Amino acid sequence: MIVTKAVDASELIRAVEQADSPNRLVAAVNTLATSGLEAGIPTLIAVLGYNNPEAASVAVEGLIRLGDVAVPPLIEQLDEYNYGARAYSFRALAAIADPRALEVLLSTAETDFAPSVRRAAAKGLGSLRWEKLPKGDRAIAQDRALQTLLTISHDPDWAIRYAAIVGLQALAIASSNPSQSSQSQLSSAILERILERLTAMADDPDLAVQARAWMAQQQLEHLTAP
């Protein structure tokens, strides 16, 4: 059975590498992405850098489907020069939500030169599966995510500020979840700081940011109810 899977993976990978038209590439990537074969991860990551958005989107879905096992290679193979490929990689990392991506998400959200990459990282920061961290590390990690999201919520780019709101809302929900938070007092402090910032952002110069901040406030109201 293991031999058969190895052969199948090799054939599926070859089909992607030898695809001679955009449509055939998409079809080959889809077959590999839905196979669930770990051997296909490097090829799916390589596809993120191809000049074929449809194939890249299919590859992202395949990596998300593979889950945690795709996280180390995604981090190791981040493309430093192709911002499109990095944006797709961070979409996958954000959706998988493995906290092993915390460090790269933090640095990318603050300093990457590509706005689309920063937005993907910001959205992913708040929704990590914090329960996968040891309880002693969880509070520190959540506080680091909070500091970064608060920082970029002041960014000159409205779309970055918008993404920060998405991350802050997700972090508020996660930190208030007993299964993910290690200290209720710290969770209350995080929620208070997030709500304070959202209140300020409800007066943001950009209407889209205003609306998103207001929506986040409304959806977080139940967390402060007695």
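In which helix do Trp-158 and Tyr-162 both lie, and how many residues apart? Both residues belong to helix H10, at a separation of four residues, or about one turn of the helix. Helices here are DSSP runs of H or I with at least four residues, and strands are runs of E with at least two, numbered from the N terminus.

The model is predicted, so that local features need pLDDT of at least 70 and side-chain atom pairs count only at pLDDT 80 or more, while totals for chains, interfaces and linings use all residues. Residues are numbered from 1 along each chain as its sequence is written, and side-chain values use heavy atoms, with hydrogens and water left out.

The structure holds one aromatic pair, formed by Trp-158 and Tyr-162 in an edge-to-face arrangement, 6.3 Å centre to centre with 90° between the planes. Rings of Phe, Tyr and Trp (its six-membered ring) pair if their centres lie within 6.5 Å; planes under 30 degrees apart count as stacked, over 60 as edge-to-face and the rest as tilted. Trp-158 is partly exposed, at 41% relative accessible area, and Tyr-162 is also partly exposed, at 28%. Buried denotes under 20%, exposed over 50% and partly exposed in between, for a 1.4 Å probe and protein chains only.

The largest nonpolar core has 72 residues, and those with the most contacts inside it include Val-29, Phe-90 and Trp-130. Helix H10 (residues 158–175) gives the most to this core, with eight residues. Such a core is a set of buried Ala, Val, Leu, Ile, Met, Phe, Trp, Tyr and Cys residues joined through side-chain atoms within 4.5 Å.
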